[in-house]
Structures are given as C-alpha cells and as structure tokens.
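Welcome! Here is a short tour of the structure shown below, arranged by topic so that you can follow along in the 3D view.

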Amino acid sequence: MIIIVDYGMGNLGSVLNMFKKVGASAKISSDLDEISKAKKILLPGVGAFDTAMKRIKDTGMTEILNQKALVDKIPILGICLGMQLLTNKSEEGKLPGLGWIEGETFNFKDRIDCSLKVPHMGWNIVDINKENAITNNFKGEVRFYFVHSYFVKVKNPNNSMMTTSYGITFDSAIVRDNIFGAQFHPEKSHKFGMNLFKNFAKI
Amino acid sequence: MLRIRVIPCLQLIDESLVKTIKFGKYGYIGDPINTVRIFNELEVDELCFLDIRATKEKREPNLKILSEIANECFMPLSYGGGVKDLETAKKILSIGFEKIVLNTSAYLNPKLVSEIASYSGNQSVIGSIDFKKNIFGKYQVFTHDGTQKQSKDPVIWAKELEELGAGELLLTSMDNDGTWRGYDIDLLNRITSVVNIPVIANGGAGNISHIKDVVKKSNVSAVALGSMVVYQAEGLGVLVNFPDKDKLNNALD
C-alpha cells in the first residue's frame, strides 16, 4: 500500500486518482500509525515551504518520516513542494528542510531573464540523466506539467535524476537510494505521469 | 523552453457540453465525460471547463460532473461558473481541479480572488474577462455570460485582477466567440503589455494559422480553442478533435 501523506498541503485527489488508474493500491492518510506501517510513501505538496515543514512537525510526522526514509529505506517520492522539502533549505523560508538529499531550493526571480514569467507554469521537457527504476520505459521526448516559483539544485550531481531548462537549468527530478523527488506534477502529466507512477508502484 | 499551452475551452450548461456563437445561440456537443476521454487520448495540454449559465441560472457548480471529469482527466484542469465563495472553490479544488476561473463573481466580489489566492496560491485563480467592442470601437467588460455591461475598462480590470492575486487571465472576445475568424489580437496586446501574469487568448480560433498569428503578434502564454476542437469544420457536424501535433509545433516555434 502506498500512503499519500496528508499534512494539509495540496490537492491529493488527483494523485490518488492516478494511482488508481495505473492499478496501484494507494490511500490518503494523516494517521501516524498508518504512515509508520507504509510500504511506500508519496509526499505531495503545494504551498509554502515553511508552512509545510511546520505542519509536518506539528502533526508529529517528522520522526516517522525520517525513520521510513533513512532507516527502513522504503521508496519515497516527493512531488512539487514535496521534492523541495527533501533538500536542506529553501530561499522561500527559514526552516530547514528534511535534508534527505543534499541540495537547496532557490527562487527563479533574480536568476532568470525577467521576460520569463514566474511561476514556471506549463509543459516542459525533461532530460533524464540518471536511469533507475523510476525512469523505465520513457522513450523519445519526455515532458511533464510544471507549476513552481522555486527550483532545486542538488549538491552532488549523482543525485540529479532529470534536468529541465527554464531560463536556467535546474534539477527537475532528484534521487538518493530509495528517495525520489519530482518537481513536476506526474498526476497532471497524462501518459508520462502514469508511466512514472507505474514505475514507482512497481519498485 | 516552455511551449505555448493549447487549451480546449469547453462550455457546459449543467451536464451538457455546448458551443456558443458570440455568446448567443449554441449547438449541443454531447456528453462531457465521453468528450474528455477523447481529449485524454489526444493528450491535450490542459482543459478548461466553463459552465456558462451557472451564474445566470443561479446554479451551484455541478460537483458530480466535475468529479467524474477529474477522475478521467490526468492533465491540468480549470473550472469556472457559479463559484461565489471560497467554500465552493475549496470543494472544486479537492476534487482534482487545480484552477478556479472567476468572472462575474470576481467583478461583484473582488475579495474572492484574493481569498482563493491566499488559500491555494495565485496559480490556482484565473481571472476571466469577457469583452466586446461597442459601435465606437471601445472595448467593454461584460459579466453574467455576456448579458450585463460593466463600467470598468478591460485593461484596467485586467490589471486589478492581477493585483488582487489572479495568477492568470482568460480573455474572451464575445464578438469573435464561435466565429472561426481569429483572436482579437488588439485587446490581447493591450493587456499583455500591462500585466506580468500569463494571459490565455480565447474566442475566435478557427485554424492553426490563427494560433500562429496570435502567438507571433502578442505576448500570450496560452491559447484556448473552442469550436475548432468540437466541430469538423465551420458549419459542419460535431467532431471532438485536436490539431495535429507536428503542425501545432511548427506554428508555435
């Protein structure tokens, strides 16, 4: 069972819908006991970095998530803000991130040409630079739907799974062992998203 | 680089899909669920649904149809029509739509734009403006499905919507709606030159060269298609379709 962690940030219905569509059993939950028994975890997120980190802490999820990610080493996928939380910190907030993958989250503004609109919103191409279980069966041009104002750069190039360009080249998907992150919204990226979710469900 | 989004903009009247001409008479297109299945297979970028009569007929958004749509669609979805308060917007967002389109309700209650934006982010609110030229060539804003003329200038109203927190604007030419004769590039340009948020051009697309034209001559971030994606051609029968990928890519380059 994949547990979609509900800590009060973002739109979980479409994530659940897509897992159903690819035939994976998944459940939205904020129950600590259920999360601690999860075989796989999806960490969603839309909203502000600090609000998310604070909610995770206030709901008592921090220790459980650390245990699942770093000790039990179950597959975990963070999407959108959920991926930014995997890094050490973000220019969006003051609180530290989960820090499971070394890297930082930066603001697009001031770093890209001002003619480019922020948020980076729409379909964009990803380049896969590290093959693993998540990247199976992607052929030809691979594109996903993005909506974000902050982007991630990992410290160690080995942790960069996919990159995308929007005025600057950033890490659009990241990986470290059992921990995966995707900046884009697989749940809104039809066949490409379904393939990624299917791969995650199969790990 | 980011490509221009091409968005089928589908009109609902409660549970039926329709297509209007100049906001007036409309043709019946069919069942929305069957239609979205086709758009799924065509892998369209994004879909926009507008219940064009919800406000006028004082109906609440049809959450049953919207959840059926969200269960079928794995692409960005926006909805507009009869969203009068934050609670209703929350319900639609929780179903799996990520953007709420506000037209009449934004005009009558601008605070609602800010409320939704602070609840779920600016990217989740599309400010929608229906506009029409009067006999002196002056652009005017209309609400209530194009039946009530308002006093604000569309360019000023667009700027205000941005300031209120709208993350995007949907600009619909009532004169061009359903006419297959191309977008109103003039007003689109006036608005894109004063706002910093993405603008979606709507009303009038009849072929790929209209798309090419508006992309080349204005600074829009997205184009909405209506008649073109639900009819075989002007004056012909219903056919749910989407422009050929290669031709579209050429037009957007």
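This is a predicted model: local features need pLDDT of at least 70, side-chain atom pairs count only at pLDDT 80 or more; totals for chains, interfaces and linings use all residues.

Residues are numbered from 1 along each chain as its sequence is written, chains are lettered from A and ligands numbered from 1 in the order in which they are written, and side-chain values use heavy atoms, with hydrogens and water left out.

**Around B:Lys19**

- B:Lys19 has a relative accessible area of 6% and therefore counts as buried (buried means under 20% relative accessible area, exposed over 50%, partly exposed in between, with a 1.4 Å probe and protein chains only).
- The side chain of B:Lys19 makes a polar contact of 2.6 Å with that of B:Asp177. A polar contact is a pair of N or O atoms within 3.5 Å; within protein, one must be able to donate a hydrogen and the other to accept it, and residues adjacent in sequence count only if both atoms are side-chain atoms.
- Leaving aside neighbours within four places in sequence, the residues in contact with B:Lys19 (heavy atoms within 4.5 Å) include B:Gln11, B:Tyr26, B:Ile29, B:Asp177 and B:Tyr231.

**Where the two chains meet**

- Chain B brings 30 residues to the contact and chain A brings 27 residues.
- About 2300 Å² is buried between chain B and chain A, and carbon and sulfur atoms give 57% of this area. Buried area is the accessible area (1.4 Å probe) that two parts lose on being put together, summed over both.
- Three salt bridges cross the interface of chain B and chain A, where a salt bridge is a side-chain nitrogen of Lys or Arg within 4 Å of a carboxyl oxygen of Asp or Glu.
- One salt bridge to look for joins the side chains of B:Glu98 and A:Lys188 (3.3 Å, N to O).
- Nine residue pairs are in polar contact across the interface of chain B and chain A, both residues being at pLDDT 80 or more.
- On the side of chain B that touches chain A, α2 (63-72) and α3 (86-95) of chain B each supply at least two residues. Of the elements there, α3(B) gives the most, with three residues.

**Helix α5 of chain B**

- Helix α5 (residues 111-120) of chain B has the buried residues B:Leu112, B:Val113, B:Ile116, B:Ala117 and B:Ser120.
- Looking down the axis of α5(B), these buried residues fall within an arc of 135 degrees, so they line one face of the helix; the arc is that of the directions from the helix axis to the C-beta atoms.
- The exposed residues B:Lys111 and B:Ser118 lie on the face of α5(B) turned away from its buried side.
- Packing partners of the buried residues of α5(B) are α3, β6 (99-102), α4 (104-108), β7 (125-133) and α6 (154-164) of chain B.

**Backbone points to spot**

- Most residues other than glycine have a negative phi, and most peptide bonds are trans.
- The peptide bond from A:Val118 to A:Pro119 is cis, with omega near 5 degrees, and A:Pro119 belongs to the loop between β6 (103-107) and β7 (120-128) of chain A.
- A:Asp110 is not a glycine, yet has a positive phi of about 80 degrees. A:Asp110 is exposed, with a relative accessible area of 78%.
- B:Trp180, also not a glycine, has a positive phi of about 60 degrees. B:Trp180 lies in the loop between β10 (168-173) and α7 (185-192) of chain B and is buried, with a relative accessible area of 14%.

**Salt bridges**

- Over all chains, the count comes to 31 salt bridges.
- A:Lys54 and A:Asp58 form a salt bridge, with their closest N and O atoms 3.0 Å apart. Because they are four residues apart in helix α3 (residues 49-58) of chain A, about one helical turn separates A:Lys54 and A:Asp58.
- B:Arg53 and B:Asp145 form a salt bridge, with closest N and O atoms 2.8 Å apart. The pair links distant parts of the chain, 92 residues apart, and both B:Arg53 and B:Asp145 are buried.
- A network of salt bridges links B:Arg5, B:Glu46, B:Lys99 and B:Glu168.
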